[in-house]
Amino acid sequence: MSESKIIDLINPEEATLGLNEKAPLPAVVQQSVLPECKEEAPAKEESPDKDKTAQEVEEQPNSDKPKLVAAESKKGLTNKEVTDHTASLWKYLPIPTDEPEPAPEYLQCDTTLPGGRVIAARVRGKKHKHEGTNCDDWFEIANVDDVTFIAVSDGAGSKKFSRIGARESCKASVGYLVSAYGKMLSDIPTLREALKQDLSSNECMEACGRIAGLVQKSVIQAWEAVEAAFYSRATDPAYSKVLKRKLDLKDLSGTLLVAAIIPLNRETKEHLIVTCQVGDGMIVSINSKGTFQSSVKLLGVPDSGDFSGETEFLTAPQMKTMESLQKRTKLSRGVTDTVMLMSDGVADDYFPNETQMRRLFFDLLVNGIIEMEDKPADLSKLTPKEMSIFKRIPDPILYPWVNDKSVTVPIQYTNRICDTVGVSLEELWEDRSILGLASLELKEAIPASDMGERLRVWLDNYYERGSFDDRTLVVMQL
């Protein structure tokens with residue numbers, strides 16, 4: 001198929017594996033591969049003497065906060081002026097050691113699977129570093145042959161032990177998918193061929209429904225895993241001591257985004273992607289060779305709660321019913337070469353997602369996290385026309401790293417490049433040579449060859465006004 005289609009699966013066919021069957025951990029499933037994710041220790045503690053927090057200044061830029069100059073206070077500060085001012089206000093406090101199950105400050109991964117290359121990272125947000133609290137995000141990746149399963153969870157920031165729920169839900173959903181899909185493939189050897197048939201055919205729709213059923217049941221398995229995690233800790237005084245009350249299931253609340261990525265045609269890069277999303281964040285597929293208008297497909301709909309700013313969580317009772325999960329399931333079949341899953345710490349920085357996911361893709365390109373085709377080798381080989389454009393490109397921005405103010409990391413921002421050079425996102429989509437020129441100054445800035453490390457550094461250091469949450473981003477290049 002040449003045209004990408006997205007379908008909301010309301011009543012898919014029942015999957016063949018029973019809900020009560022327990023999924024083993026992915027590491028022990030035959031034919032599955034779980035890439036190892038590196039954990040890094042936090043950097044040294046730093047507590048600069050500041051009365052006003054960066055969060056207060058960024059959230060209320062026009063209130064009685066430190067002013068840069070009198071003239072600026074009258075006309076209001078630009079986003080860049082606010083971030084310039086607040087960058088030095090953030091302080092670093094290490095992960096607390098007096099709480100059970102502390103989360104590592106960083107997770108990162110760069111691995112090549114049969115289905116494609118996966119680059120992933122998750123960082124502790126500036127607010128958590130400032131307050132000395134744990135990161136609440138988690139992600140898991142696994143595969144069966146060339147089929148890839150990804151889960152991302154963002155623990156509820158208001159819940160002390162949501163990091164446990166985030167971790168356990170990701171592990172359970174991915175573990176279930178590896179086991180259940182392997183069993184289904186064994187029971188139905190024609191499954192993959194059925195998925196390649198015309199999307200309107202009964203054979204294809206039945207096969208798609210089976211995969212959708214597996215994804216939905218993986219969310220239910222995640223719900224049960226979080227519930228089991230709660231029961232196993234409910235009487236442990238270590239948790240009630242921190243909370244100063246009994247542990248509750250809601251203390252493990254979090255979102256959950258799950259994707260199954262199945263290649264259908266290697267040459268054309270046609271894929272079937274089935275997703276289920278509980279809570280905020282975003283899942284997106286990109287066809288980097290497609291037209292600007294058709295290049296991006298949003299494969300999730302962020303849930304909202306009863307009040308503004310709220311979101312639904314996996315621990316809500318309705319999240320263990322198939323009817324509720326069917327409404328949160330999407331199926332996309334078409335040409336794509338990049339799939340991304342992210343927590344709201346990234347998704348909210350690129351809002352509205354319908355248009356700004358391209359900007360995220362460009363930011364990853366220009367900062368060397370995704371490989372760029374036809375990138376200029378060095379400045380000495382630029383043509384006069386290229387050199388003229390290069391001189392108009394803004395210099396990368398350097399802000400002090402929260403963990404260590406003596407360290408700065410240069411970051412390029414697509415929106416600044418567009419504004420300065422005078423091009424739109426659509427024009428940049430059609431001609432990306434400007435991004436190649438902009439990336440030249442960053443060539444040696446982050447020398448790490450591990451793209452997971454590059455992604456981690458970028459996530460930890462890019463600035464967006466009002467953005468201080470944990471950040472998780474999983475990028476799969478197909």
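This tour visits a series of residues in the structure and states what is found at each stop.

The model is predicted, so local features need pLDDT of at least 70, side-chain atom pairs count only at pLDDT 80 or more, and totals for chains, interfaces and linings use all residues. Residues are numbered from 1 along each chain as its sequence is written, and side-chain values use heavy atoms, with hydrogens and water left out.

**Aromatic pairs**

A pair of aromatic rings is described by the distance of the centres and the angle of the planes. Rings of Phe, Tyr and Trp (its six-membered ring) pair if their centres lie within 6.5 Å; planes under 30 degrees apart count as stacked, over 60 as edge-to-face and the rest as tilted. By this rule there are 11 aromatic pairs.

Select Phe230 and Tyr231, a tilted pair with 5.3 Å from centre to centre and 45° between the planes. Which of the two is buried, and which is exposed? Phe230 is buried, with a relative accessible area of 13%, whereas Tyr231 is exposed at 54%. Here buried means under 20% relative accessible area, exposed over 50%, and partly exposed in between (1.4 Å probe, protein chains only).

Next, select Phe361 and Trp429, which also form a tilted pair, at 6.1 Å centre to centre and 50° between the planes. Phe361 belongs to helix 11 (residues 353-366) and Trp429 to helix 14 (residues 425-430), so the pair ties together parts that are 68 residues apart in sequence. Helices (H or I, at least four residues) are DSSP runs, numbered from the N terminus. Both Phe361 and Trp429 are buried.

**Charges over rings**

Keep Trp429 in view and select Arg432, whose charged end sits over the Trp429 ring, 4.3 Å from its centre. A charge sits over a ring if NZ of Lys or CZ of Arg is within 6 Å of the ring centre and within 35 degrees of the ring normal. Then select Tyr462: Arg471 lies over its face, at 3.6 Å from the ring centre.

**Cysteines**

How many disulfides does the structure hold? There are zero, a disulfide being a pair of cysteine sulfur atoms within 2.5 Å. Select Cys170, buried at 0% relative accessible area, and Cys418, buried at 8%.

**Val219**

Finally, select Val219 in helix 7 (residues 202-233). Val219 is buried, at 0% relative accessibility. Leaving aside residues up to four places away in sequence, Val219 touches Leu256, Val258, Cys276, Val278, Leu314, Met319 and Leu325; contact means heavy atoms within 4.5 Å. Val219 and Leu325 are 106 residues apart in sequence and 8.0 Å apart in space, C-alpha to C-alpha.

How values were computed:
Helix = DSSP H or I, 4+ residues; strand = E, 2+ residues; numbered from the N terminus.
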